[in-house]
Amino acid sequence: MVAAHTSSHPSASAEWIICLDKRPEERSGEDVDIILARLKSVKAFEKFHPALLQQICLCGFYECLDKGITLYRQGDIGTNWYTVLSGSLDVKVSETANHQDAVTICTLGIGTAFGESILDNTPRHATIVTREFSELLRIEQKDFRTLWENYRQCMAGLLVPPYGVMESGPNADRMPDKDNLNTSSPGSSSKHLNKVPSEKILRAGKVLRNNILSRAPHMIRDRKYHLKTYRQCCMGTELVDWLMQHTSCVHSRVQAVGMWQVLLEEGVLNHVDQELSFQDKYLFYRFLDDEIEDAPLPTEEEKKESDEELQDTLLLLSQIGPDAHLRMILSKQPGQRTVDDLEIIYEELLHIKALSHLSTTVKRELAGVLIFESHAKAGTVLFNQGEEGTSWYIILKGSVNVVIYGKCNTMVHRCIHYQLC
């Protein structure tokens, strides 16, 4: 039996909680404004359309749970959808019908949304237990289905399973309309920019792996999702958390994502399903060294060397991470870009001298349609004279030769570097 929910909470006097404790029909416009202000500070809602957020404020309920409370069990038919406002919850999966055999596969932190199985009444895939005192926003099934019907496009990205990998094989378990929901693999048709890792990035990966194994070995372990085991994996959110805890050069989670993207581009870190963009989500990633069965653990001497190199390595990644993050964004299809993505592209366009004469409006329009393209091999023909043009180009790095009727004029463009520390 699921444990009863507790009714007490440390912050019971908080104004937004009082508003959420009211019945939806009793909430005033002022109540909605207070709840809205609180939800805007939660990562899961920061990119939602204002109209959708307002509807959530009208139908959501506040729920608080003490440590060790079972919210629901694997196999249950769900009745609610949840978002974590504070605290954390463990996700436990059992390969048998015995809940005592359940193994913790990950932890849901602040901003995580879960419980999407209520859309089609499929059984819960896991048991959810509070790791500590936690505050949740709860939406009942009938209200959540209405929100989904009215705001499907806004909510799609949130309904990707937050506590496992994106299974894309033909036999993978899928949620309804999963093909339309999965917007988390932009650029999946492109190839790694560097098939063979550069020496410095290969070393950076070893330094990070050795430090994680030395300081937080639990982060790299076998993990299960939908009864499938993924060897020696890390969670995307945990990798971001770890970076932010170990260097003053990382000022935001977005910056940390760019740093891990550097390793992903060169194959030093890999998504278990070969997605080519790193995400700050509950997705599985594996270091290159761990691709080998029974990969050796670092020796004490290697741990010491890696510890000494850690800060220099993080500084290096913080300097080249913004470039990798920009490439990742530009590899997305224009329709998949978030408001933050568009702002990052726009800010980069401001630094391109050739575009300085363009108006702000034009630059913002460009941010929405630009696509990243990379040509690593010298001598690649971009297009031939006489062909009908289909694209317009901006050179971010490198140079091109322009050949006109056998006359070669070399146009060397200034390399534009994006650095942040």
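User: Why does S248 count as exposed?

Analyst: In this predicted model, S248 has a relative accessibility of 64%. The exposed class begins over 50%, and therefore S248 counts as exposed. S248 is found in the loop between α8 (236-246) and α9 (253-265). S248 and L314 are 66 residues apart in sequence, with their C-alpha atoms 9.4 Å apart in space.

User: The loop between α8 and α9 also holds S252. What makes S252 partly exposed?

Analyst: The relative accessibility of S252 is 31%. Buried requires under 20% and exposed over 50%, so S252 counts as partly exposed. From S252 to V240, 12 residues away in sequence, the C-alpha distance is 9.3 Å.

User: Why are α7 and α10 described as oblique to each other?

Analyst: Their axes come within 8 Å and cross at roughly 125°. The roughly perpendicular range ends at 115 degrees, and roughly antiparallel begins over 145; α7 and α10 are therefore oblique to each other. The crossing in which α7 passes α10 is left-handed.

User: Which residues of α7 and α10 meet?

Analyst: From α7 come K200, I201, R203, A204, K206, V207, L208, N210, N211, S214 and R215. From α10 come E302, K303, E305, S306, D307, E309, L310, T313, L314, L316, L317 and I320. By class, the contact of α7 with α10 has 9 nonpolar, 5 polar and 9 charged residues.

User: What makes the pair D289 and K206 a salt bridge?

Analyst: The N to O distance between their side chains is 3.1 Å. A salt bridge needs such atoms within 4 Å, so D289 and K206 qualify. The pair links distant parts of the chain: D289 lies in the loop between β12 (284-287) and α10 (300-330), K206 in helix α7 (residues 199-215), 83 residues apart.

User: How exposed are D289 and K206?

Analyst: D289 has a relative accessible area of 22%, and K206 has a relative accessibility of 30%. Buried is under 20% and exposed over 50%, so D289 is partly exposed, and K206 is partly exposed as well.

User: How do you know that R131 forms a salt bridge with D90?

Analyst: The closest N and O atoms of R131 and D90 are 2.8 Å apart, and the cut-off is within 4 Å. The pair links distant parts of the chain, 41 residues apart: R131 in the loop between β7 (127-130) and β8 (134-140), and D90 in strand β4 (residues 89-93).

User: Are R131 and D90 buried or partly exposed?

Analyst: At 10% relative accessibility, D90 is below the 20% limit and so counts as buried. R131, with a relative accessible area of 45%, is partly exposed.

User: What does the salt bridge of R223 with E238 tie together?

Analyst: The closest N and O atoms of R223 and E238 are 3.2 Å apart. R223 lies in strand β9 (residues 221-225) and E238 in helix α8, so the pair ties together parts that are 15 residues apart in sequence. Both R223 and E238 are buried.

User: How many salt bridges does the structure hold?

Analyst: The structure holds 17 salt bridges. A network of salt bridges links E63, R138, E140, K142 and D143.

User: Why does A126 count as buried?

Analyst: A126 has 1% relative accessibility, and buried means under 20%; A126 therefore counts as buried. A126 is found in the loop between β6 (113-114) and β7. Not counting residues up to four places away in sequence, A126 touches Y72, R73, Q74, V91, K92 and V93. The C-alpha atoms of A126 and D76 are separated by 8.9 Å, although these residues are 50 residues apart along the chain.

User: Which residues of helix α2 are buried, and what do they pack against?

Analyst: The buried residues of helix α2 (residues 29-39) are D31, V32, I34, I35, L36 and L39. They pack against α1 (15-21), α3 (50-59), β3 (80-86) and β8.

Definitions and conventions. Residues are numbered from 1 along each chain as its sequence is written. This is a predicted model: local features need pLDDT of at least 70, side-chain atom pairs count only at pLDDT 80 or more; totals for chains, interfaces and linings use all residues. Side-chain values use heavy atoms; hydrogens and water are left out. Helices (H or I, at least four residues) and strands (E, at least two) are DSSP runs, numbered from the N terminus. Buried means under 20% relative accessible area, exposed over 50%, partly exposed in between (1.4 Å probe, protein chains only). Axes are lines fitted to C-alpha atoms, for helices over the stretch in contact, and angles run from 0 to 180 degrees between N-to-C directions. Angles under 35 degrees count as roughly parallel, over 145 as roughly antiparallel, 65 to 115 as roughly perpendicular and the rest as oblique. A crossing is left-handed if the near helix is turned anticlockwise from the far one by less than a right angle, and right-handed if clockwise. Contact means heavy atoms within 4.5 Å. Ala, Val, Leu, Ile, Met, Phe, Trp, Tyr, Cys and Pro count as nonpolar, Asp, Glu, Lys and Arg as charged, and the others, Gly among them, as polar.
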